[in-house]
Each structure stands twice: as structure tokens, then as C-alpha cells.
Amino acid sequence: MTERDDTLDTWRDRFLHGEEPPPGCLDEAVLSSWRRLRGHAPGLAERPSPTERVPAALRTNRLLGSIAPTATLILGSIRLILGRDHPVAIVLADTDLTIHSVAGDRPFVERLDAVGVGEGRRAVEDAVGTNAVDLCLRERRPMVTSGWQHFCAGLADAAIAAAPLFGLNTALRGVIALVSDASVGTDTLNGLALLCAESISAQMSAVETSGNLDRLLVEQRAIVDSISDGLLVVDEDGRVRHMNAPAGRILTLNPARSIGRTFAELLDFEPIIAPIFRTGTGYYDRELIIDSGRRHLHLIDTAIPIKDAHGKVQSVVNTFREFNRAKRIAQQIAGSPARYTFDDIIGTSDSLRQAVGDARKAALGTANVLLNGPSGTGKEVFAQAIHAHGDRRDAPFIAINCAALPRELIESELFGYVAGSFTGAQKGGRPGKFEMASGGTIFLDEITEMPLDLQAKLLRVLQEREVTRIGATRPIPVDVRVIAASNRNLKDAIARREFRDDLYYRLHVVSITIPALKDRKSDIPMLATHFLRKYAATAGKPVFTISDAALRAMAGYDWPGNVRELENTLERLVVLSDGTEIQRFDPPGDARERAPAPADAPALKTLRAHERDVIAATLIHADHNVTRAAEILGIARPTLYSKIRDYGIVLQRAGVAKPS
């Protein structure tokens with residue numbers, strides 16, 4: 001033992017009794033360790049208390065395992081440098097100080113294990129005393145401890161030089177330590193440890209880089225194979241470089257057997273991505289219909305060119321999905337949600353209960369339903385409730401108002417079109433509402449306003465369960481439940497040859513009549529209470545009540561606009577009211593208009609009466625051509641039709657009277 005060791009031994013004993021070593025006697029990091037360990041004396045000062053050994057199966061640091069053989073090879077060179085007179089061991093520990101491996105002379109390795117520096121143990125200072133392995137990880141820098149610096153007598157005859165191991169991005173991965181006897185020069189041991197750390201760290205970075213690349217490749221393959229879209233990567237020779245499982249399923253090919261083969265060998269149709277290698281221009285979400293000898297495919301296709309630094313296309317990444325799947329996604333977005341259920345239909349009158357009972361029974365089947373009733377009675381509420389109560393509740397509900405669509409757009413809106421069908425058509429074509437509603441329900445409101453030629457096409461759709469887009473020749477199967485509605489008498493329309501009788505019978509499988517509000521006035525108090533609460537909450541006002549006088553006045557009014565008019569009236573009363581009770585209700589102007597005027601009252605007309613006269617006169621001037629009359633009045637044709645029905649104006653064509 002050297003003179004300095006004798007001094008440290010002496011100072012250790014004095015330190016245990018509360019004295020501090022003189023400045024410069026110990027490295028500051030070593031002195032800090034001694035101070036932390038003072039409370040463990042005198043037991044730890046005399047003998048170590050090794051930690052329990054961590055089983056090999058639980059030591060999961062694969063990175064240290066991968067470089068352990070290299071450390072063993074380095075050991076031979078270190079033996080030559082230090083000479084055979086000095087025992088030596090190489091220790092690899094991870095970042096929680098668990099020793100992954102100890103390589104060296106067997107007797108020396110066994111001695112180290114006995115004092116707590118063994119494979120599977122933790123080289124923490126609480127267990128083995130002050131040591132360079134622990135300090136290296138604490139300080140994140142090379143450390144050397146020798147002789148009595150170790151505080152614990154078990155390591156007093158050893159020297160340890162430790163250096164941190166850094167991987168990619170200078171991430172601390174562990175520590176490598178050289179252990180020999182205390183007679184070895186610490187500068188020599190420290191230099192060798194630094195060389196070992198540099199060599200091992202470089203190898204660790206290489207292993208991590210390789211592992212990251214391998215992992216990235218595996219992850220990318222897993223991602224590609226897990227997506228539900230088909231994916232192909234094709235090179236400039238037309239050879240398949242990659243094909244995921246969905247692509248194989250859609251194209252009825254074996255992905256593993258397809259790699260390296262050309263399209264010509266695999267498919268019986270010409271791929272549309274071939275021109276991309278020449279033009280360098282890809283495309284997104286193109287609708288693709290393939291009818292070949294072995295395949296009938298309807299896809300949404302995207303192709304992206306991959307170019308080199310000179311702009312030459314090296315490969316094409318082609319993704320595609322089945323049209324029906326894409327359509328289901330679009331349906332979830334575009335389909336109008338069925339917000340109403342039968343619980344939203346308010347009233348207890350016999351006529352309403354009869355209609356609701358019939359609708360509940362109809363909802364459980366798949367037959368087409370025809371809803372009859374005046375405007376404003378809630379036909380769409382019934383339609384949504386039927387949809388929501390049936391097996392198609394999770395599928396789309398799409399509502400179409402036939403009177404609101406321009407004549408020239410009805411066919412394309414309902415049945416769709418292919419690219420180039422007409423001027424203004426979308427570049428890739430567009431599916432119609434029937435395709436979008438497939439699997440669910442389509443609600444055709446004001447069905448009597450559909451032109452006769454389109455009624456014939458609608459009849460075919462209902463009979464054949466397929467649609468043919470404008471400009472296409474191939475029909476597309478659809479599975480749609482149709483709910484139609486009309487506020488006119490369809491039999492009268494058939495008699496006037498304005499509605500096809502065969503379409504009527506196709507729609508008239510289940511017919512439900514929704515009563516007008518004037519025929520269920522007993523429901524007015526319940527409806528009024530519901531709407532008052534609804535619009536009081538919307539307006540941020542206290543809950544309103546309604547006086548008996550106001551209810552009697554409401555019951556005495558015929559409500560030509562039905563529930564819709566009642567709802568709008570109550571909303572207006574809530575907005576304009578200053579109190580919390582609706583005390584009176586004055587019938588609208590048209591009700592007062594029908595009341596007899598006092599004898600001395602001037603012959604004045606209401607605004608509604610003036611509007612009715614103007615519309616009637618304009619229709620006569622236009623020979624009852626609604627389109628011309630709408631142009632003269634400067635309003636839309638559906639709006640004019642609505643006003644004609646509202647005012648009860650009779651249309652006359654070719655000597656035939658047409659009630660609105």
C-alpha cells in the first residue's frame with residue numbers, strides 16, 4: 001500500500017468521526033460520495049453489502065449485449081499493455097448501474113463479485129462504497145477511483161477507471177469500466193478506459209443506426225400492410241416492387257408471388273398509371289371502372305410519381321380503395337343525420353296516434369313508404385323517425401326536395417353522371433343521391449313535382465334496384481329504402497296525367513296519412529308548451545307559460561301552415577314578449593281577412609291579398625306557364641309553386657283546371 005493510501009486510510013477513519021480531509025486530498029466527486037456514505041458507517045466502511053443479483057432474463061439491455069463480445073476481444077489487448085502481473089476485468093453497466101457483464105480472469109472476476117461488482121449486481125455506492133462506475137454515471141464524465149478512495153475496505157486493493165458510453169445523438173447508454181489492482185497507474189488505466197469507451201461507443205452508434213433502419217423498415221411494412229387501402233409500388237419497367245395485402249385482395253393476386261413481376265404478367269387489363277412514367281403527372285381520387293375478362297372493379301384510384309434529382313420518374317406509388325367503401329365514408333359525411341325519432345312527435349290525438357302506430361310498424365320492414373299530408377305537418381320528421389327506428393338506423397339518411405331542384409339538375413342530382421357527360425360536369429364524374437344513400441334511406445319530398453320523364457327512371461330504379469349514371473352504360477347496384485311524401489292528392493295528379501300510376505303503386509306499398517293541425521286541435525296545448533320551452537331556452541329567457549285565453553284563441557284558428565306555422569308563431573311570441581307568460585294570441589292577417597268587416601270600414605286589402613292578386617294576374621298573363629310567371633315575378637319556380645298552393649290558386653292548362 002502506498003504512502004498516499006496510508007494517508008487516505010487514516011483520513012477515512014478520522015472522517016468517520018466527523019473530521020474533513022484537507023483540501024486537494026480527494027476529488028470533489030469522491031468527497032461528496034464519502035459524505036453521502038458517512039451515515040452507513042461503520043458497517044459499509046469495513047465490508048460491502050452486495051445487491052441481489054438481477055436474473056439474466058430480466059437484463060433487457062440488448063445494446064450492451066450486442067457489444068459485450070467486442071469488449072471481450074479488447075480485453076486481450078489490454079492484458080498485453082498492462083502485463084500479466086496485473087489482473088484486469090472489463091465491466092459493462094447500464095444506466096441504472098446494473099452490471100450487464102464482467103469479462104476477465106476468473107479468480108479476479110470472482111473476487112469482484114464477492115465485493116458487489118459482479119454480473120447482475122448493481123454498482124451503487126450504497127452497496128459497494130464509493131466507486132468510479134457510480135460516479136461516472138452521476139457526473140456523466142470519466143472517473144477513476146483507487147485504493148482507499150473506495151471508502152469500503154472491500155475495494156481498497158483495486159483501481160477502477162470508468163467512462164460513459166454514448167450512442168446516437170449523444171444519448172447516454174451506459175458505462176464501461178476497467179478494473180485492476182491498485183498498483184496500476186491510474187493515468188494508464190484511465191487512458192485505456194477512454195480508448196475502450198470511444199471504440200465501444202462508435203460500435204453502439206453503428207448498431208443503433210442499423211437497428212433503427214431495420215425497425216423503421218419493419219414499421220413501414222407494418223403500416224403499409226395495416227392500412228385498408230390497396231397499395232402498389234411499381235418501377236419504370238412496370239414491375240411490382242411492393243404490394244400490400246389489401247391490394248392483393250382487391251386485385252385477386254398473391255402479394256408475395258407478385259413482387260418482381262410485371263403488370264402484363266399479373267393483370268388482364270392495361271394499368272392507367274403507365275403514362276405517368278412519361279408525363280410525370282400523377283392524379284388523386286380518380287374514379288376507375290374496370291371490366292375485364294376476370295375482374296369487375298369499381299375503384300377510387302390515386303397515383304403519385306416518385307422522381308430522382310433530375311425529375312425522372314423512378315417509380316409510382318399507387319393507392320386505391322373499393323368504391324363502395326369510399327361511398328360509405330362519404331355517406332357518413334354527406335348523409336343528413338336522422339335527428340328525429342318517434343319520441344319527437346308530440347301529441348296524443350287519435351289521428352296522430354294512428355299515424356305514429358302505422359309508421360312504427362312500417363319502420364321494422366323494408367317496404368317503400370308514402371307519407372301524405374298538408375305542408376307543415378312534419379312529414380320529414382316522420383321519415384327520419386321511420387329511418388331511426390329501423391335496421392338501417394346506422395346507414396345514411398338523405399333527404400331530397402324535388403320541388404327545390406332545377407329541372408335540368410334533378411336527374412344528375414339523383415342518379416349521378418360520369419366524366420364528360422355534359423358541360424359543367426365535374427372532371428371525375430359524380431355519384432348521385434341514390435348511390436350515396438345505398439344501404440340506408442332516401443326521402444323524396446314533394447314527389448309530385450318530379451317531371452314525368454324522371455318518374456319513369458325512378459320507377460326503373462325502384463324495380464331493378466340499380467342506377468345508371470348520365471353518360472354511362474353500366475348500371476350500379478343500389479340498396480335503398482324510399483320514403484316519399486306529397487302534400488297533394490296523388491290520385492288526382494294521376495287523373496290529370498301529371499303522375500305515373502305505376503310509380504304511385506310502387507311507392508304506395510305502405511301509405512301513412514299525417515293529420516293537419518286543424519284535425520288534432522287537442523294537441524295544441526302540448527305543442528305550445530314544447531315550443532315555448534324550446535325557444536325560451538334559445539333566447540335565454542325564463543320558461544314561458546301561456547294563458548287559457550291564448551290557448552282558446554289558438555284552438556279557434558285553423559292553422560293552414562299546420563305545426564310549422566304554430567312553431568314559428570310561438571317563436572315570434574317568445575322573442576317579442578317582455579314577460580314570462582303569453583297572455584294573448586291574435587290570429588294572423590289571413591284569418592282576420594276572412595272575418596266580416598264593419599259596414600263603415602274602407603275597402604282595403606291586406607298585403608297577402610295584394611300578393612295573391614298579383615300572382616293570379618301574372619299567371620293569366622303567362623297563360624298559366626309557371627316558369628314564365630316566375631321569371632316575370634322575379635322569384636324561383638319552387639317559391640311560386642309554394643305560394644300558389646298557399647293561396648289556393650287554380651292553375652289552368654289546355655282547358656283543364658289544376659288545383660294546387
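The structure is a predicted model, and every value given here is computed from its atoms.

A search of the whole structure finds 34 salt bridges, of which a few are followed here. One of them joins the side chains of Arg261 and Glu265, with a nitrogen-to-oxygen distance of 3.8 Å. Arg261 has a relative accessibility of 32% and so counts as partly exposed, and Glu265, at 46%, likewise falls in the partly exposed class.

A salt bridge between Glu413 and Lys433 has a distance of 3.6 Å from N to O. This pair links distant parts of the chain, since Glu413 belongs to helix H16 (residues 410-415) while Lys433 belongs to helix H17 (residues 433-436), and the two are 20 residues apart.

Elsewhere, salt bridges with shared partners join Glu446, Glu449, Arg488, Arg496, Glu498 and Arg645 into one network.

The backbone deserves a look as well. Most residues other than glycine have a negative phi. Against that background, Arg140 has a positive phi of about 55° although it is not a glycine, and Arg465, also a residue other than glycine, has a positive phi near 55°. Arg140 is placed in the loop between helix H7 (132-139) and strand E3 (143-146), whereas Arg465 lies in the loop between helix H18 (452-464) and strand E16. Arg140 has a relative accessible area of 47% and is therefore partly exposed; Arg465, at 33% relative accessibility, is partly exposed too.

Helix H15, which spans residues 379-389, is mostly covered, with eight of its eleven residues buried. The buried residues are Lys379, Phe382, Ala383, Gln384, Ala385, Ile386, His387 and Ala388. Which elements cover these buried residues of H15? Among them are helix H14 (350-363) and the strands E11 (369-372), E12 (397-401), E15 (441-445), E18 (481-486) and E19 (510-513). As a general point, an α-helix has 3.6 residues a turn, so residues three or four places apart point the same way. In H15, however, the buried residues include the run from Phe382 to Ala388.

The last stop is Arg612, which lies in helix H25 (residues 607-621). With a relative accessibility of 31%, Arg612 counts as partly exposed. Which residues does Arg612 touch, not counting those up to four places away in sequence? Its contacts beyond that range are Tyr647, Gly648 and Ile649.

Technical notes
Residues numbered from 1 in each chain as written. Predicted model: local features only at pLDDT ≥ 70, side-chain atom pairs only at ≥ 80, totals over all residues. Heavy atoms only, no water. Salt bridge = Lys/Arg side-chain N within 4 Å of Asp/Glu carboxyl O. Buried < 20%, exposed > 50% of the residue type's maximum accessible area, 1.4 Å probe, protein only. Helix = DSSP H or I, 4+ residues; strand = E, 2+ residues; numbered from the N terminus. Contact = heavy atoms within 4.5 Å.
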